[in-house]
Amino acid sequence: MNHGWFRVPGIRPNGDRTLAEQMLGLRPALDECRGKRVLDLGCAEGSISIEFARAGASEVVGIELLEAHLAVAKVQARDVPNMRFIQAHLGDYIATLESIPEFDIVLALGIIHKLHDPGVPMRFAAQSAKDLVIFRAPAKTYDGMIKSKFRDTKCNVPEIMASEGFVEEKLIPGVRGEAVQYWRRQK
């Protein structure tokens, strides 16, 4: 598979987006990740995960379904000791957990609409995050509701986040009109 999500120079030049594009709106999170554990849901080729690891996160775990994406991620992360990848369908991974893992920062960047019930990964992101969830909505008109690509299942992101103890801290424009939301756990 030569075509992927990210363009990775020297490895996969035919991706849909560049790392610079995908990092739009993520600088504030990168600035606060030093010494923190980060979970990246649907990490694709791992480029964003690796940026967090290189910015000083104590550990970064990326979850990705596609083996071809993870092959690229592993090549890119070969010299990044605090980086780990899990190959799994996110919905299946969540369903098989005996307990919810704890991370300081959880990245849910353009992934929840790719599951049959987008409320499941959104709630998982919130329950896994001790402090911050970064959520990026698809580039369509975002009104807080996310619809699955595969079914007529929807979730209300603000409602889920509020029920899990989060408040929206900021919204930053992201790549191609996407909204990057910062949800902070209330202390």
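Modeller: Then I start with the salt bridge, which is a side-chain nitrogen of Lys or Arg within 4 Å of a carboxyl oxygen of Asp or Glu. Residues are numbered from 1 along each chain as its sequence is written, and side-chain values use heavy atoms, with hydrogens and water left out. The model is predicted: local features need pLDDT of at least 70, side-chain atom pairs count only at pLDDT 80 or more, and totals for chains, interfaces and linings use all residues.

Biologist: What makes E32 and K36 a salt bridge?

Modeller: Their side chains meet with N to O at 3.4 Å. The limit is 4 Å, so the pair qualifies. By this rule the count comes to 13 salt bridges.

Biologist: Why is K36 called partly exposed?

Modeller: Buried means under 20% relative accessible area, exposed over 50%, and partly exposed in between (1.4 Å probe, protein chains only). K36 has 22% relative accessibility, so it counts as partly exposed. E32, with a relative accessible area of 22%, is also partly exposed.

Biologist: Which residue forms a salt bridge with K36 at 3.9 Å?

Modeller: That residue is D131, with 3.9 Å between the closest N and O atoms. K36 sits in the loop between α2 (27-31) and β1, and D131 in strand β5, 95 residues apart, so the pair links distant parts of the chain. Helices (H or I, at least four residues) and strands (E, at least two) are DSSP runs, numbered from the N terminus. D131 has 12% relative accessibility and therefore counts as buried.

Biologist: What does the salt bridge between R184 and E169 tie together?

Modeller: The closest N and O atoms of R184 and E169 are 2.8 Å apart. R184 lies in strand β9 (residues 179-185) and E169 in strand β8 (residues 166-173), so the bridge ties together parts 15 residues apart in sequence. R184 is buried because its relative accessibility is 16%, whereas E169, at 38%, is partly exposed. A network of salt bridges links E32, K36, D131, E169, R184 and K187.

Biologist: Why is R136 called buried?

Modeller: Its relative accessibility is 2%, so R136 counts as buried. R136 is in strand β5. A polar atom of its side chain lies 2.9 Å from the backbone oxygen of Q22. Contact means heavy atoms within 4.5 Å. Leaving aside neighbours within four places in sequence, R136 is in contact with residues including Q22, L24, I48 and E178.

Biologist: How do you know that the buried residues of α4 line one face of the helix?

Modeller: The buried residues of α4 (residues 67-76) are H69, L70, V72 and A73. Seen down the axis, they fall within an arc of 160 degrees, so they line one face. The arc is taken from the directions from the helix axis to the C-beta atoms. E67 and K74, on the other side of α4, are exposed. Among the elements covering the buried residues are α3 (47-54), β2 and β3 (83-87).

Biologist: What makes a set of residues a nonpolar core?

Modeller: Its members are buried Ala, Val, Leu, Ile, Met, Phe, Trp, Tyr and Cys residues, joined through side-chain atoms within 4.5 Å. The largest such core has 30 residues, and L41, I112, M122, V133, F135 and V157 touch the most other members. The largest share, four residues, comes from α6. A second, separate core of 27 residues includes L26, I48, F85 and I134.

Definitions and conventions. Polar contact = N/O pair within 3.5 Å; in protein donor to acceptor, adjacent residues only side chain to side chain.
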